[in-house]
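The following exercises are to be worked with the sequence and the 3D structure in view. Each task is followed by its solution in steps.

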Amino acid sequence: MGLDLSENSNKERKKVTVADFSKMKAQGQRIVMVTSYDYPTSTIADDVGVDSILVGDSYGMVVLGYDTTIPVTVEELLPVCQAVKRGARHSLLIGDMPFLSFQISEEDAIRNAGRFIKEGRMEAVKIEGGREMAHIAKAVSNVGIPVLGHIGLTPQTATLHGGYRIQGKNAHSGKSLVEDAKLLEDAGVFGIVLEMITEEVAKVITQTVSVPTIGIGSGRYCDGQVLVLHDILGLYPRFVPKFAKRYANLAATIGEALGEYVSEVRRGTFPEEKHVFKIDDAERNKLDLPQKS
Ligand code: KIV
């Protein structure tokens, strides 16, 4: 089955900008975001018409095999950003600022965000955290770098504080999340990722702020959705979050293909005649070939 690009013909698609995000919210057009960590998948995501590609620090878990996103560094993510950039022509490209690349000081945050733009060739950065990170989001967006906020479950700190928990389960924490979102909006973010927030609270946040909300495990009323590519494709069997929908089972497909390869090599049925290169007959005769018995 080939890709059906008719609805989102690449030739007709315009480059998505941060300004388009707010237009899409205003027009009630849902924003589609996905993570990507390489050239082939960013090419495919761009071709099928996703609005935005996030080079998430989830790369550390789903590609590098770390237990959490904590060890991920700017140095690790920059070549990944560059590969994603080479594959995507239309989607808005967002680099995820890893743990301790933005928390230390505004100056440090600006310097590292600038690396995502100048070296990684991203068009925006994502910063995890609510009110406590609003001054950082403001400093980075003040120098002209668009910032996507991220509240609710924030994996960089959640793993240090005992794991992944649903956020906004009561009115008190719900109101606090709404306040975080408002403070980030005031700080100048162009959108906010809402992660693992109860659907009701995510809806209130979405109705309260003027910038679009991009949900992940936060229900049906966000302005857009984001999922980790490997969850969509069934390529991270170690853990499948309840909120993620698996649209394919690539781990099984890859396993079958590799299993067949292993068995064909062992049986001697690969390579076949069509896979080999031959020397000319005249040259072959000059080779010191063992005599056929
Ligand atoms: O790193 C990531 O993939 C993310 C998404 C889950 C939003 O931050």
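**Exercise 1.** Determine which residues Thr 68 touches, leaving out residues up to four places away in sequence.

*Solution.* Under these conditions, Thr 68 touches Met 61 and Thr 159, where contact means heavy atoms within 4.5 Å. The model is predicted: local features need pLDDT of at least 70 and side-chain atom pairs pLDDT 80 or more, while totals for chains, interfaces and linings use all residues. Residues are numbered from 1 along each chain as its sequence is written, and side-chain values use heavy atoms, without hydrogens and water.

**Exercise 2.** Locate Thr 68 and describe the placing of its side chain relative to Ile 70.

*Solution.* Thr 68 belongs to the loop between helix H3 (59-62) and helix H4 (74-87); helices are DSSP runs (H or I, at least four residues), numbered from the N terminus. A polar atom of the Thr 68 side chain lies 3.1 Å from the backbone nitrogen of Ile 70.

**Exercise 3.** Characterise how helix H5 (residues 106-118) and helix H6 (residues 134-142) meet.

*Solution.* First, their axes come within 9 Å and cross at roughly 50 degrees. H5 and H6 are therefore oblique to each other. Next, the contact involves Glu 106, Ala 109, Ile 110 and Ala 113 of H5, together with His 135, Ile 136, Ala 139 and Val 140 of H6.

**Exercise 4.** State the domains of the protein and the separation of their centres.

*Solution.* The domain assignment gives domain 1 (7-248) and domain 2 (253-286). Their centres, taken over C-alpha atoms, are separated by 44 Å.

Note on methods: Axes are lines fitted to C-alpha atoms, for helices over the stretch in contact, and angles run from 0 to 180 degrees between N-to-C directions. Helices (H or I, at least four residues) and strands (E, at least two) are DSSP runs, numbered from the N terminus. Angles under 35 degrees count as roughly parallel, over 145 as roughly antiparallel, 65 to 115 as roughly perpendicular and the rest as oblique. Domain bounds come from an automatic or database domain assignment. A polar contact is a pair of N or O atoms within 3.5 Å; within protein, one must be able to donate a hydrogen and the other to accept it, and residues adjacent in sequence count only if both atoms are side-chain atoms.
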